[in-house]
Amino acid sequence: MALLLAFLGAFSGVALAGAVPEGNEDGPAILERRCLQCHGPATQMGGLDLSSRESAIQGGTRGAAISPSEPSKSLLLARVLAGEMPPGAPLPTDDRQALRKWIAAGAEWPDRLHDRRAGLDWWAFQPLSPTSPDRTDSAGQDRPSSPIDGWILNGLESAGLKPAPEVGRRDWIRRVSYTLTGLPPTPEEIDSFLADESPQAHERVVERLLASPHYGERWARHWLDLVRFAESEGFERDLPRDHVWPYRDYVVQSFNEDKSYLHFAREQIAGDVMENPTRDSVVATSMLTLGPVDAVGLTSAIPEERALIREDMLEEMLGTVTQSFLGLTVNCARCHDHKFDPIPQEEYYRMKAAFEAVWPPTRPVPSAGLDALFPHGRPILTPSEERSRDRLIEDFEDRIERASAALGRLYRNARLKSPADGHAQPFARWTFDTDGRADFAPLHLRFVRDAEVSGGTLGASTSARSAGAGELEEEDPGAGEGFGVSRLLDQEIDSKTLEAWIDVVSAPEKSLTLMEIRGLSGFRGASVDGIRYEAGDKPRWENVSVGRFRSQDTGGPPEDLQPGTRVHVAITYAKDGTIAVYRDGKAYGASYRPDPGIPAGRLQIYPSGDALVRFTASKHLRLAEARLYDRALSASEIAASHRSGILDLNPAMLFDRLNPADQREVKRLEHERAGLQRRLDAIPKPELVHSATVRAAGPTHVLIRGSVSNPGKRVLPGGLSCIGGHPGDLDLQDAASEGVWRRAMAEWIASAENPLFSRVIVNRVWQAHFGRGFVGNPSDFGFNGGLPSHPGLLDQLASDFIREGWSLKSLHRSILTSQVYRQSSRHDRSAAAKDADNRLLWKFPHRRLDAESVRDSMLAVSGELNRMLYGNSFRPFEFGEKRGSLRHYVLTQSDTPDTRRRTLYRMNVITATDPLLESLDCPLPSVKTPRRRSTTTPLQSLSLMNSAFVQLRAAGFAARVREEAAGVDAQVNRAFELAFGRRPDHREMADSRSLVERHGLESLCWGLFNASEFLYVR
Amino acid sequence: MRANFSMSVDPSRRRMLLDAAGGFGWAALASILPRGLLRAADTDSQTGLGPHFPPRAKRIIQVFAVGGMSHLDTFDFKPELQKRDGTPYSMPTFFGQGGNLRGCPWEFRRHGESGTWVSGLLPNLAGQADRLTVVRSMVSKSANHMPAVAQMNTGFILTGFPAMGAWLTYALGAENENLPSFVVLPDPNSHPWGGSAQWTNGFLPATAQGTAFRTHSGGAPVPDLEVPGNVSAEARADASAWLRRMNRAYAEAHPGDTTLDARIRNYEIAARMQLSVPGIADLGQESEATRSLYGVDDEETADLARNCLLARRLVERGVRFVQIYHGGSGKSWDAHSDLIKNHEEMAREYDRPVAALLSDLHGRGLLDDTLVLGVTEFGRTPVSQGTGEKAGRDHHPSCFTCWMAGGGLRPGLSYGQSDEVGNLPVEQEVTIYDLHATALHLMGLDHERLTFYHNGINRRLTDVHGHVVEALIA
């Protein structure tokens, strides 16, 4: 028994040691982490091996490293304390002290070191060494048909095991159909395969399936698991990402085209900065930025918090890149040298440097005053297309602006007098006679959502036209009110007066800020002042401010808004911070001075270029006119302004006052402007896609202990130093562009010289065929991933893969046509006793279908599968139910042709996962999943038994069977053929017949969908 | 020699044992293997199971005050803050609009023999003062709701890590196989930020995932619990019998795959859940006295009262971990403005049901081995956000209060000390890792040995941190 366990232990290869606690390491741990790479059992620089007490005392060319008699004089200590060792990266003080203490205490080694972490001699870091299996013909053994079989047989024989016999043809075609397409074979496909007696019958099936577009769908899902494909932002808002699906299609297409894996990888890392980027290569870079975005945290008022969140994003990105392509957890070296693999902390930062500028195409929408960032897409245009499009748009906008300005001048000439006459001169004035243009200052308005000027006032659109200004709709799906948003201030404003004439349509039930001036730099720090109607117990006028620091009930009488009346409201903001509210020219309550002891209590300054004026378009309160003054008006000035009132003008009245020549000119200009607007609207909108986008980034520094407030030395981009024959020094210049850096990184990662790059993907492909790779932890080829079960075969497949032009389809062919893949899944108790995990592949593993295959198979078997390829994701949920300030997803039980597409096309929203899929181990979209689990739980049984989806499919299945077969026996036969790919035996027929006779076909179909035979592949 | 931290059993060895035992069937196997090991085989999980040492508590009820309950207005009495009310104080805040110091608007008093300080906001809970163990020196990592809630649940601020309930389920399995062992009772008004990611099994087997009950009135408490209306009981019974025969035959033909037997069992458990869960969720079975103790029929307290009472019924029947949310992304304790209105409203909903839960558990002798955790994601700033009567307090992760009660704790203890205005802990700082390590310890688990290998790391609930706070333990 002990021997047996030892044997199995060697294959299990899983390291079970706990994580080493940080900061309190003892001497041996420090040696392990910092010294043994060069002075260990594998590499003994200077002849020194520090892995045991004996070898350390024995020392190297310079003598003993440890002196037991005089510990404090030990050479090891001297070199470390002098900062000479480790070269280039001396130990921090803590570590030096710990080493000194440990040596002084007698330098006791815990057995032999180096068995808990990988050194430079770790198998995965060595160059590929493809060799043929060394086969000797053993008696009675057929010569293996492929090198795969040779290697596998070698492994089996050395453990005294034999392969399983060949699988039956029905089982084989079902197996290979699921492997390649994730869908069951149809009864017709099975029959035609069974009838094909040629020796190429199997190959023909393989070729048919590889050529099917469903192949790409199936294999894209494996890849999407790996790169945590999420179509929502995560964190508290979890906003949907509407432009991510092109990446899913890019992956499907790449598999279907059998794109070179080398190219596939390079596109995803640097497709936007390649020599000749294409739409697809830009889309590919989505991979970098699919991680969750803490959009709210990124606008925190605390800079360290923002920096930390950004570092977390980069770690997530780098973790995805290095785990997916290299099978290395480089991200574990963010705070310290890697605990298990020879990756120094500095190299984490060198790799990070190449990605430092990469952001998701998320963008802020400050002009609407909406907080923070929104998911967005990047327009697909070449730089020159983008330039000419911008020029075109600018040109039209200029001409429209010129026409509008000319119109404005004509209309304004028609005004009888200026209200500025004899009164205070406004800084800007919006009369809303004909449009949102401003007088005196160029603070013209742009309208967002359903804001519009009509009948000489600004308010919410009364017509039922769909909310315009599509740009914002897209960025803030489902958002609320409309706004008139001005251009940026061209002059700083400190003391001020806001004044508005408000037409009451009805009294609003909710509080409403009608006119405000707001700063833009980050919504946490933004300041706002404005005229607010406070609804509630005591309706009143008040100044609005973030955090209410400058807001107070002035004690004015409760407001009682009467429909059809006009109210005049003004608020003055004096230099000393005093705020006064006026209603209809009279003081409204008492003026007040907020607490000047805190910054937010003082007069707010709105800088030029970083502030704007915003009006809310309400259907209750419409604005007849508004003015902004750059000083606090006196009470008498306000009274005078109220007395003189405003001119109630609208376009028709103004037009009538024009002379005929001007009237003609107005008509001409309006016609011209409408034409220009149509042409502007007709410029095709570029396709928007999710991708990587580049923002300016500062230099990359090593962060000591990963702390954003403790930057260490500056680093330039580079790869890892531990990979044999593939040095990580990229020799990049400081002045090189971000694109050059990232391209170089892509070429370093995705390279024939990088043995991890090919080994890792070959291992993943093997895993998808057999349920488990040579390395059981497919995204960790470091020490914790353990040793491969068949290193020779792995290296041979990897080098064949490179030779075949990185063709995945060739790799499939060689695996699928091997005898190993054609073994039956027959169980063998004595083999299981030797190799319970079947790592040596003495049988084909029996496995449950993954969640997507279960759902897709039910649709396929019931005949309801919508096989449409590609395109926008289907959304079996609604986004919009508002609880508090946030919108939520609510699952719907809709059953439409769209929802009957393959599960791949279900929108992968983090907080809108499907309970049936979840119970079948479908992972959260935001989690990197290199290998699916396969659990069986009571909740899974409940979902399979009772979920609406399964009921619908069972009903559809029954309807199909009724249509295709007459009579109970024929129907039972057909149902079994469709679901299991075989007919029932006599006992099953009798049992099923009686079930159908008593309860109808639906019961049988429900049973078939719940049967292990349907849910498993053998 | 460093100890081998892991209590893992080699998966190959376990499967081999199971395969070897195939001849004498599950019953015989169950008698020679610990129950946890048996479950692990079903689920393909990689760590051996069962407690590391005798537990002090067998189950946990966690009451999560979502949004950030103010420590300064509930348990952490700061006379100096009252004294300096309205005076300037410099500290960074999340919204960057920090005002002056603000005293607590409610009166603090000592309660019970222990003399535990509780404010007038929580009069009923104050009546339970001698059963509470109050930790006033908690610190968290994020000032943002979703990551902070995630840290309280999973130890990490990113989503995708297993919640504590999932770890416990994974480690200890279910006490009652007819019920999920990790049940979540969300506030019927809204889920917490992050939704189901807050009770995910993460990389642990799906058996460990939290089952969120539907807590709105009406409908089945568990998804897909009810047999669809158009399927008759007889049809379902006959079809299930047919299915069992088919699955039995298939399992016998494939002796190498133990999950096939587990599937058959799980259909049986599911069928029993269909019968048992609706009864458990039926609070009509409780006496009038109990219902009124919790406030089930009082509109203000009804939502949380129902969840607290249901939690007691669930733990009575062997559910390992029940998590109750009070508040969510809709209404919550997030008092940015109008602290008084917000906290009075939230406290009125919270105080009576939670106090009732403690006294009810005590009355039934359950409190001795049930650990009750009263948590929140962070506290609130000593400075006000906004001015005047309607001012609020901002998020404050650098110091806050949690309370605990029951299994293995020192009752009546107030632990940890914050500075004179409650801004930072001055002694006995307790991290969320420490809280988790202590809870696991009381459940008989060593937080350093409860590991699961994932993407290159032996993951723990406590990452690479955490110490058991021995002083809290009786």
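A: Happy to. Keep in mind that this is a predicted model. Chain A is split into domain 1 (18-115), domain 2 (147-211 + 756-845), domain 3 (260-380 + 691-749), domain 4 (381-415 + 649-686), domain 5 (419-647) and domain 6 (949-1017).

Q: What separates the centres of domain 3 and domain 4 of chain A?

A: Taken over C-alpha atoms, those two centres are 45 Å apart.

Q: OK, on to packing. Which residues touch the most other members of the largest nonpolar core?

A: That core has 166 residues, and the ones touching the most other members are Cys1005(A), Cys308(B), Ala311(B) and Val322(B). Its largest share, 10 residues, is contributed by helix H12 (residues 339-363) of chain B.

Q: And what does Cys1005(A) touch, not counting residues up to four places away in sequence?

A: Ala954(A), Phe957(A), Ala958(A) and Ala975(A). There is also a second, separate core of 130 residues, which includes Val176(A), Leu226(A), Leu314(A) and Leu328(A).

Q: Let's switch to helix H24 of chain A. Which of its residues are buried?

A: H24 covers residues 808-816, and the buried ones are Leu808(A), Leu811(A), His812(A), Ile815(A) and Leu816(A). Looking down the axis of H24(A), they fall within an arc of 120°, so they line one face of the helix.

Q: Nice. Now Pro915(A): where does it lie?

A: In helix H27 of chain A, residues 915-919. Pro915(A) counts as partly exposed because it has 19 C-beta neighbours inside 10 Å, and buried would take 20 or more.

Q: What is Pro915(A) in contact with, leaving aside neighbours within four places in sequence?

A: Ser943(A), plus Pro223(B) and Asp224(B) from chain B. Asp656(A) is 259 residues from Pro915(A) along the chain, and their C-alpha atoms are separated by 66 Å.

Q: Backbone time. Which peptide bond is cis, with omega near -10°?

A: The one from Met85(A) to Pro86(A). Pro86(A) sits in the loop between helix H4 (75-81) and helix H5 (93-104) of chain A.

Q: What about Arg228(A), what is its phi?

A: Near 45°, which is positive in a residue other than glycine. Arg228(A) is in the loop between helix H10 (213-226) and helix H11 (245-256) of chain A.

Q: Is Arg228(A) buried or exposed?

A: Buried, because it has 25 C-beta neighbours inside 10 Å. Leu841(A) also has a positive phi, about 65°, although it is not a glycine. Leu841(A) is in the loop between helix H25 (829-834) and strand E24 (847-848) of chain A, and it counts as buried with 24 C-beta neighbours inside 10 Å.

Technical notes:
Residues numbered from 1 in each chain as written. Chains lettered and ligands numbered in written order. Predicted model: local features only at pLDDT ≥ 70, side-chain atom pairs only at ≥ 80, totals over all residues. Buried ≥ 20, exposed ≤ 12 C-beta atoms within 10 Å, placed from the backbone. Helix = DSSP H or I, 4+ residues; strand = E, 2+ residues; numbered from the N terminus. Arc of directions from axis to C-beta. Core = buried A, V, L, I, M, F, W, Y, C linked by C-beta atoms within 7 Å. Contact = placed C-beta atoms within 7 Å. Domains from an automatic or database assignment.
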